[in-house]
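Please read the report below alongside the sequence and the model.

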Amino acid sequence: MESAADRSLFQALNAKAASTVAIFDRGDYYACYLEDATLLAKEIFRSDVCLKTKTIMGESVQYMTMNGGQFQRTVRELLMFMRYRIELYGLEGDQWKMKAKGTIGNLGDFEDIIGDLTGGGNTIMAIELGNGEDNKVGVCFLDLLDFRVLISEFIDTPHFSQVEQCLIGIAPRECLVYSDDGSAIYDCKDRRKSSNLFEKGGGS
């Protein structure tokens, strides 16, 4: 039977951008639907066993549910490693309303979750600074808890603001920095900026 809440859920899913994952807080658990569910199953939980199917508004829809711990892990990996935007919705009456959002550049409402998960220093990080003018950066993370290796490459700002956000959010136990040809690629002033950035992030 079609309900206003179901219509509102589909409206939220249809309105989000392709690089956004919508998570729905259902009180005792969290849920994702359609391509968001398959993305999490494939890239984070590495299994399609967690995928379920239900009929919503006459359509067969894949979805998955998460407990609190799985939700926190999902937030961490989507924001810090996979570089997705997250929108968290809560049900108010019969309408789903956005109650939190965050990106790698602005952790926003998820900053406390990221801090709680990374405070133990369970990650080793390596940064490759491209030898060019476009500030291309490659980052690699090794999670010492589950031995997962995650890699990302992106164009950063001249002040390396996205790298800084990674360092602050992940707080790696150790951070190795090198250029793609093994040579120094910044003048003294730029190296001091990088040094300040790494000190702020807690790396070495």
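The text that follows describes selected residues and elements of this structure.

This is a predicted model, in which local features need pLDDT of at least 70 and side-chain atom pairs count only at pLDDT 80 or more, while totals for chains, interfaces and linings use all residues. Residues are numbered from 1 along each chain as its sequence is written, and side-chain values use heavy atoms, with hydrogens and water left out.

The mean pLDDT of the chain (the predictor's confidence in each residue, from 0 to 100) is 79, and 80% of the residues reach 70 or more. Over residues 184-195 the pLDDT is below 50, and this stretch has 11 contacts in the model beyond near neighbours in sequence (contact means heavy atoms within 4.5 Å). Residues 200-204 also have pLDDT below 50, with 11 contacts beyond near neighbours in sequence.

Asp-36 lies in helix H2, which spans residues 34-43; helices (H or I, at least four residues) and strands (E, at least two) are DSSP runs, numbered from the N terminus. The buried residues of H2 are Asp-36, Ala-37, Leu-39, Leu-40 and Ala-41, and these pack against helix H1 (4-15), strand S1 (20-25), strand S2 (30-33), strand S4 (59-66) and helix H3 (68-81). The side chain of Asp-36 reaches the backbone nitrogen of Ala-22 at 3.1 Å. Leaving aside neighbours within four places in sequence, Asp-36 is in contact with Leu-13, Lys-16, Thr-20, Val-21 and Ala-22.

Ser-152 belongs to strand S9, residues 148-155. Although Ser-152 and Val-137 are 15 residues apart in sequence, their C-alpha atoms are 8.4 Å apart in space. Val-137 is also among the contacts of Ser-152 beyond four places in sequence, together with Phe-81, Arg-83, Gly-138 and Val-139.

The table sets out relative accessibility, where buried means under 20% relative accessible area, exposed over 50%, and partly exposed in between (1.4 Å probe, protein chains only).

| Residue | Relative accessibility | Class |
|---|---|---|
| Asp-36 | 3% | buried |
| Ser-152 | 11% | buried |
| Cys-50 | 24% | partly exposed |
| Cys-140 | 27% | partly exposed |

How many disulfides does a search of the whole structure find? The search finds zero, a disulfide being counted as a pair of cysteine sulfur atoms within 2.5 Å.

How values were computed
Polar contact = N/O pair within 3.5 Å; in protein donor to acceptor, adjacent residues only side chain to side chain.
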